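Take a walk through this protein with the model open beside you.

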Amino acid sequence: MSAVMDNNEPEVPGPFLRSAALEIGDTSFLEEIAPLRREGDQLFSRKVYQAALGKFKKTARVIVGDGFEIPLYCGEGGGFRSKKYMEMKQAKRLALMECCVQIARCLRELEDYEQSLIWVEEVEVIVRNLCFSNTEAMFDWHADLPRIEWNPNDGIEQFYVQRVRALCLASDNYLSLWNTGTAAQRRHLAYKITQHLPPNVNSITFRGIVSSAAMFLFYQFRHPDPQMTKDLMANEESLQVMGSWSKIEVQRDRNIPPRFGFASFIWKGRYYIVGGEKSHSGPYYKDMHYIELSNVSTGWHDLPSYPGDMIRVSGWKIGVYQDKAYFFNGRPQLDYFDLVTERWGSVRTRPADRQWPYPEKDFMDYAGVLVKSKFYVFGGTHGNVTTGCNLFMVLDLSDPRLEWKKLTGHASQPLVPDWNCPGPRRHPTIWADERVPGSERIYLMFGEADRAGAKFRREPQGSSESYSYGDFWSWDVNQGGWRRERMVGNPPCARSEMAYTFKLGMAFVFGGYSPSLPADYVEEGKKFSFTYFADTFIYIPPSASSPSATSAPKWKHVLTRGFPTYRAQAQLFTDPDTGKIYLFGGYTNSQFVPDKKHEISRSFSDVWQLKINIPGGYFDDVDLEEETKTAMAGPWQRCFNCGNAGRWKKCGGSCGGRAFFCDSQCMKEGWKEHKERHHCANVRK
């Protein structure tokens, strides 16, 4: 590929799949499974779903053979990469994909959404393992839409049909669970596949599976959608949990300017932030503040600002070691803030291979995490790579040599696709699980490949559309090596710029941004090629319990009736003493979230607390009935009477605006209850 791409040139397509696994292979097994499939189809048509399920599972067992567990177990092996699937020939692959879809359909009819999702997502695992078998690795955006040369005898049309059916069925399941983001993303990928079919594949076949009319409905959802959340309950406890967002009023004279892109950390009961920016065009901040976690409402305290010569102190990460907060900005000089003396200083580091991998400026938007004395950094962008890089390095702060050691990946062009490590990106999410000594793992997920930015700057990998990663990886801290993890349960959809924190052995994520999931808000007459989120999820890591897909690590959707405004680059943080979870900052697009005061983007300085119905989640004092009537739903208020969300008028009585009403009729109907609940009285002017 040329090092320079003209903006008007067509995008360079990905490589063709050239794998021995695309050969049809032995088809004798089809005679054995034919009666099982026929009986299963007949039972399904008669709505005898449990019996049909048994027939289809037996069919799957015949296809894969004895001694192979399907669906893949997601514990020690990650549940994603499989030698069996990589070597599987096309005839068996097609039969297994169809069988997985049929099993998932039965389970959906039986309202077993957890198992239905496990089986239907197995189809995407099978597809990605076909890509793994390719003679050359490819970037994830190419693997999402693999190019397969047309051969009328190799079953390629059925390959696409079963994949699209699986994605649409997964979308239906997620929508039944109120996970609108993942429902829309799965449906959007299915639709994109139908727009990139090989020549001679009959596109009419797909019209009954996914259509532009159906996509129009999915693009209208917000995530979460305020009209759906007013009376939600976690009816599927294995996949959902109730939560609550409550805004904390911070003392006005001790607040700070709104921002995003800031660095943050916790030390001895205080939450610290440094730098950030109000908008992408500035102003840029170099200030430093902290807030007492024991009493967040008292506001922020000032500390000495960052003294370095960097104009933009944004997109950095911090590691705290021995009472010093170390800031990595892409330079060999590692700045730190002494938390005892409250003074700035710096130390000089060096690369173990003597060649510094980054240019001396503009490195940002990477992921960083401290494990014991070691500071790990991954990805990010700099002056020479707009798409994002995938260099993974570590610095041992306890080693006097202070040498950065390269672990995997590359920092500069040409970026090379590699199935064995995460691809190039910016704004990934990262955390470390250090609960079991000797088994520590670093988890990394999602992020964005800024391909649109790369095209604008005439760099390789450029495209008119940026790419949202939906992958999940873990790094073995002691043995080394990446492992691709399976997204099990009810997970968030592909995105970047999420807020995240780790507490009680669980990870929590909120919000974020997708550059590639469209939104179409008919009531406002606006269409977007991107989406901002305000949904919340919890990840429960691997358990040492029985090794099966249902006991494996999984994701749950946190259902909240109210929520902060849709935003990206906010930060979640946990008070280690109390376990309370808070959210601060972030930004959104002022067109996506209507705002008359901000033309392009709006940033935030609000503080919220997240309460979740889990042990230690502070959910006991949550009044769900009250939230149904008064909770903020993003930028909108709930009508106290009917629960609909919008820009309603607040009550002018003595309650101080505790309730809002959408019209005079709702005020008339809801006034008595509001008066009794909030002790409100009319105030005459």
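Buried means under 20% relative accessible area, exposed means over 50%, and partly exposed lies in between (1.4 Å probe, protein chains only). Val-522 counts as partly exposed, because its relative accessibility is 44%. Val-522 sits in the loop between β23 (519–521) and β24 (526–528). Strands here are DSSP runs of E, at least two residues, numbered from the N terminus.

This is a predicted model: local features need pLDDT of at least 70, side-chain atom pairs count only at pLDDT 80 or more, and totals for chains, interfaces and linings use all residues. Residues are numbered from 1 along each chain as its sequence is written, and side-chain values use heavy atoms, with hydrogens and water left out.

Now turn to the sheet. Three strands form an open sheet in the order β32-β33-β34, with antiparallel pairing. β32 (632–633) and β34 (645–646) are at the edges, each with a single partner strand, so one side of each has no neighbour in the sheet. Two strands pair if DSSP finds at least two bridges between them. β32 and β33 (residues 636–638) run antiparallel and are joined by 2 bridges. Ala-633 stands opposite Trp-636 in β33.

Last, the cysteines. The structure holds 0 disulfides, a disulfide being a pair of cysteine sulfur atoms within 2.5 Å. For Cys-389, the nearest cysteine sulfur is that of Cys-421, 11 Å away. Cys-389 is buried, because its relative accessible area is 0%.

Key:
Helix = DSSP H or I, 4+ residues; strand = E, 2+ residues; numbered from the N terminus.
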